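Trainee: I have a model open and would like to learn how to read it. Could you walk me through a few features?

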Amino acid sequence: MTTMTRNNQDNSSNRASNVPATTAAKQPLPTAKTVDTQSVLKRLQSELMALMMSGDSGISAFPEDDNIFCWKGTITGSKDTVFEGTEYKLTLSFPTDYPFKPPKVKFETGVFHPNVDVYGNICLDILQDKWSSAYDVRTILLSIQSLLGEPNTSSPLNTQAAALWENQEEYRKMVQKLYKPSA
């Protein structure tokens, strides 16, 4: 009798453990990279606070209107570069699966640069194949600011800018000629 009771208990516990598995099989299982909107919202709010508190010179970004997924950023050209004294506006659009996918970042202010095309698209490895969820808005802005003064001329989006880069005096003249500050 005790053997039969134990078997029944074992069978009932097996059945109980099978029920959730059957129910779960009908629902898609969450993957490691599934992110809910609330966690993305919290991450972006946290990054905003960290950026505001960082005190980094020459970079800033804030959500546009009430949309935490769309930000407006500003980068100033670093001292002792051909971009010194310039200020550039950018847009950052965060996907719903951020930080597992990078934001789309574009220059709104025209910039004459080897790694930026006429539409403001930026060729920067961390915004593409070298993206890591460890990066944040601050890292992105600092990387773009650094890229201004240290372009990758071996993989240009703007071949004219890449060709002129070697002659810094002429390059500076071209930057000043084409630079139109945003209102």
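**Reading helix H3 and its surroundings**

Mentor: Happy to! This is a predicted model. Let's start with packing: the buried residues of H3 are in contact with H2, E1, strand E2 (67-76), strand E3 (87-93) and strand E4 (104-107).

Trainee: Which residues of H3 are buried?

Mentor: They are Val137, Ile140, Leu141, Ile144, Gln145, Leu147 and Leu148. Viewed down the axis of H3, these buried residues fall within an arc of 160°, so they line one face of the helix.

Trainee: And how do I read a salt bridge?

Mentor: Side chains of opposite charge can pair when their charged atoms come close. Here, Asp56 forms a salt bridge with Arg138, with the closest N and O atoms 2.4 Å apart. That pair links distant parts of the chain: Asp56 sits in the loop between H2 and E1, while Arg138 is in helix H3, 82 residues apart.

Trainee: Are Asp56 and Arg138 buried or partly exposed?

Mentor: Asp56 counts as partly exposed, at 22% relative accessibility, and so does Arg138, at 32%.

Trainee: What makes up the nonpolar surface patch?

Mentor: Met49, Met52, Met53 and Phe62 make that patch, of about 450 Å². Helix H2 (residues 37-54) gives the most to it, with three residues, and Phe62 lies in strand E1 (residues 59-64).

Methods. Residues are numbered from 1 along each chain as its sequence is written. This is a predicted model: local features need pLDDT of at least 70, side-chain atom pairs count only at pLDDT 80 or more; totals for chains, interfaces and linings use all residues. Side-chain values use heavy atoms; hydrogens and water are left out. Patches are made of residues with over 30% relative accessible area and no salt bridge: like charges are joined within 9 Å, nonpolar side chains (Val, Leu, Ile, Met, Phe, Trp, Tyr) within 5 Å. Accessible areas come from the Shrake-Rupley method with a 1.4 Å probe; for residues, only the protein chains shown count as cover. A salt bridge is a side-chain nitrogen of Lys or Arg within 4 Å of a carboxyl oxygen of Asp or Glu. Helices (H or I, at least four residues) and strands (E, at least two) are DSSP runs, numbered from the N terminus. Buried means under 20% relative accessible area, exposed over 50%, partly exposed in between (1.4 Å probe, protein chains only). The arc is that of the directions from the helix axis to the C-beta atoms. Contact means heavy atoms within 4.5 Å.
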